[in-house]
Amino acid sequence: MGPDSAPDPAVPWRKVLWERQPFPDNYVDQRFLEELRRNEGIRQYRYWSVVKEAGFVGQQLSCVAIFITLWLYMEQGRLSPETLLWTSLVCALLGYGLYQALTSQVEPGCGPRTRLADLQSATIFLSFTFGFSPVLKTLTESVSTDTVYAMSAMMLLAHLVSFPYAQPSPPGSLSLNAALFASVCLASRLPGALHTFAMLSCALLVFALWPCLLQRLRENAPCQFAGVCLGVCIVGVGGLGFQSPGGAVLLALALMSVTLLCPLLLVRLQRHKDNIQGPWDEAEIHEDLSRFLH
Amino acid sequence: MGHRRRAAAVNNPSSQRVSGAPAEAVRVPSRKHNICMVSDFFYPNMGGVESHIYQLSQCLIEKGHKVVIATHAYGRRKGIRYLTNGLKVYYLPLQVMYNQSTATTCFHSLPLLRCVFVRERITVVHAHSSFSAMAHDALFHAKTIGLNTIFTDHSLFGFADVSSVLTNKLLTVSLCDTNHIVCVSYTSKENTVLRAALNPEIVSVIPNAVDPTDFTPDPSQRQDNRITIVVISRLVYRKGIDLLGGIIPELCLKHPDLHFLIGGEGPKRIVLEEVREKYQLHDRVRLLGALEHKDVCGVLVQGHIFLNTSLTEAFCMAIVEGASCGLQVVSTRVGGIPEVLPEDLITLCEPTVRSLCAGLETIIARHRSGSVPSPASIHACVQNLYTWRNVAERTEKVYDRVAGEEVLPLHRRLQRLRSHCGPVAGSIFAFVAVLNYLFLLLLQWLVPDRFMDKAVDATGPLGLWKQEQSSKHRALSKSATKKAAEPKISR
Amino acid sequence: MGEEAFTDISGKAISLNCQSHSSFCREFTVSSSKVSIGKVLVYTCSVWLLAYTVFFFTENTAVLSSAILITLVGMMLHIHFVKVDHESLLVIGSLGIQVSSSYASGRETTSFIEMSKIKDIVINEAIYMHQIIYYLSVLLKDASDPNAVSSVVPLFQSSKPRMNCLVKVYKSCQEILSKC
């Protein structure tokens, strides 16, 4: 079955409709689909760069593990709240210094927030948490412990799923809220009000401030960033190892698959990608047209 | 039983009675078809597909074919209606789901559509528009009944998002055993061939047409102390109204004598209103709102330049209408638009504000220097490019070709579905096809074909409408048809 | 004129009886088949069997008596209101059209349309259930506008004869209508 009649080779076919051409309507020219483009603008990933990006996911997983480990130590009474508070304070000060150093490297004096404002918000947060910690302590008393654990597990999972890995500074509201909700749930199961306060400050440090610092690090010092991620992962696995070796093995496997296996799959499967583009595609407006309105 | 005999005569021109047949049928020896056009979109709904079906049907009737149209009921308009020249329209009571498209279960429309196909002795089913569920249903049922099928695709789809992946799969299923497909431009053909994984040789390109007598230039309507840019389109994102919102302030600030005349309605109207408000252009940018088809020409002739900012378009009727009214056309280079008008009648630009502004500015400069061709000469160039007669002739060839092809019997249809549409979708739809076939058998047992009265032809070789034209009974078309029908039936 | 056999839209036999009383007075009677004993038996039996099954489980004799009552009342209602034995159309030129239908019970309903109100008699098409059928109808004139149609009165609504039967009635009617 072919086109209705043999085309006249003397006249070349043109892709126009206004001209009556000596070809049947179902004529298929050599140039059919010549404007078809495949996989245009596709990104070729390199394995190690993908691994580096995936490191962020891995370290966030480890952060959650570290937080749970700390909570376990607290619950068993092997870590006093005072120690945790002092360590947190030192870490926070160190991190703040590092953050300031990294900021001033790039944009000196550009930040709208002064140190006084930072101090102010830190004081407000700490005093409120301290004041409310007895309330938070008894908040979930009427709820069964199993429910609290299940709830915290769900919320931590939600935190990991909804975390904006591409742009973690500031952390997304859903992920941050889920993490803080989980930490309030867990902290309320600790023996004393000071324990709760220490746990919540620690949660703030791990889930709110640490990603901001890490993002700065990723922007300004990519080499150190990889090292820090690796370090966090090792600390997470190691810390969990003292509490439950099985958990540590599972975490290590999860970290391996997230940081090593998944990037490998992404890079391998990339060559099977088959995107079709052509003149029929809807044109995209790349310009910022809102400037005409505002 | 005079019916039965005539039913046999329809497909056999040599045994035709000349008495009722129009003159063309005698002159042209080619075969006459009984065509059923099926689409969700028909009058009173307005749009490109609707007018395409109507105009094509009218030209096919003129050529001596019998044409009926099946669509869904629009409000109180249900049942059977006759339009100009005996074009019979079945408004079937099917439930409308979304955007004037009917809900589909693959089965529920079979009894009514079968009834239409049997009583009208349909030989070719021609479905229109991939957005129409009823069209796909009709294709499916027609194949089950064993009729030849044709599908006309009027739109372009992408491949990138999830919804288009799904619709493309459904299109593959719907078209894999359709005899022939018609597209409105070469770009549309490439798109359809890729989407439905078709053999390109069963896809014909037949462009849309414009009635040139509806769109004639009238330079007296123009105001010579200003330059008017006309835009007529639905005000939606796909038509690039955001681009228009950028072009208006750019050009209006540069050219104080520039005016915009914008016809159409849609959700993006707010963008244009905001622009007009912000730059205080109330006297220079007029938003006319939704236009009736008959008013379009009156708006077009007031302008000097026609602007089309579409982001995607299979075949842009609007630019042909604009050129036919003698306007300079500026358009984006997307979809099938570059194929539509020759280079000297259209200025093609990239779909960006800067490129469109540059294109418009060259035309404006040419206007000021007076070096643009006169509206009458543009109209003369365009008027014979796209005519419905030509479209009907080319569609007729497709019908002739399809009439000679066989409709796949059930077992081969199942094989084709499974080999062509993938193991999962293919198997599902093969199962649906079997169910549909069983349903058809049930219907044929409940109401056998021989108990269905064959309809009296209004059009086609034995059409009776021509007699009606001369008869006195014009007050009520339905009764008049029946009166005209009377002597033949009782013979 | 005698009886002629036709079928209705679902293929059942009906008969058309044309009587010419005078040159401008004709009567058309479409008679459908009588109530078949077999069908009555099938319906009655199925209702009774159902009732007996219910009785078997509930052991309530009221079910049985009500089933008997239901079948009797149902049958009576059916022959009185549903089952039409024959429908007739009496066309008297210059006077009008009388439409009557008599039910199996003997009940008759009759309506008369005077000629001044009648615009025309036509065969029309309609969608009926899941079929498209032809039917004969009387078009009534609009009181205000003589060219407009105010309403349509369908004829032979219950017997639903097929096209060939309708055409025969239609032609005779037109003969009379054209004379006046």
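These legends describe close-up views of a predicted model.

The model is predicted, so local features need pLDDT of at least 70 and side-chain atom pairs count only at pLDDT 80 or more, while totals for chains, interfaces and linings use all residues. Residues are numbered from 1 along each chain as its sequence is written, and chains are lettered from A and ligands numbered from 1 in the order in which they are written.

**View 1. Chain B and its make-up.**
Chain B holds 19 helices and 16 strands. Helices (H or I, at least four residues) and strands (E, at least two) are DSSP runs, numbered from the N terminus. Of the 491 residues in chain B, 51% are buried. Buried means that 20 or more other C-beta atoms, placed from the backbone, lie within 10 Å of the residue's own. Two residues are in contact if their C-beta atoms, placed from the backbone, lie within 7 Å. Take the contacts in chain B between residues at least 6 apart in sequence: 70% of these join residues at least 24 apart.

**View 2. Confidence along chain B.**
The average pLDDT of chain B is 86. This score is the predictor's confidence in each residue, from 0 to 100. In chain B, 89% of the residues score at least 70. Over residues 1-28 of chain B, pLDDT stays under 50. The model has 35 contacts beyond four places in sequence for residues 1-28 of chain B. Residues 470-491 of chain B also stay under 50. For residues 470-491 of chain B, the model has 37 such contacts. Where pLDDT is low, the predicted coordinates should not be read in detail.

**View 3. Chain A against chain B.**
Here 24 residues from chain A meet 41 residues from chain B. The chain A side has 16 nonpolar, three polar and five charged residues. Ala, Val, Leu, Ile, Met, Phe, Trp, Tyr, Cys and Pro count as nonpolar, Asp, Glu, Lys and Arg as charged, and the others, Gly among them, as polar.

**View 4. Chain C against chain B.**
Chain C brings 22 residues to this contact, and chain B brings 21. Strand S7 (118-128), strand S8 (131-141) and helix H3 (163-179) of chain C each give two or more residues to the chain C side. S7(C) gives the most, with seven residues. The chain C side divides into eleven nonpolar, seven polar and four charged residues.

**View 5. The two domains of chain C.**
Domain 1 of chain C covers 3-35 + 83-179, and domain 2 covers 37-81. These bounds come from an automatic or database domain assignment. The C-alpha centres of the two domains of chain C lie 36 Å apart. Six residues of domain 1 of chain C touch five residues of domain 2 of chain C. The domain 1 side of that contact has three nonpolar, one polar and two charged residues.

Conventions. A residue is buried if 20 or more other C-beta atoms lie within 10 Å of its own, exposed if 12 or fewer, and partly exposed in between; C-beta atoms are placed from the backbone.
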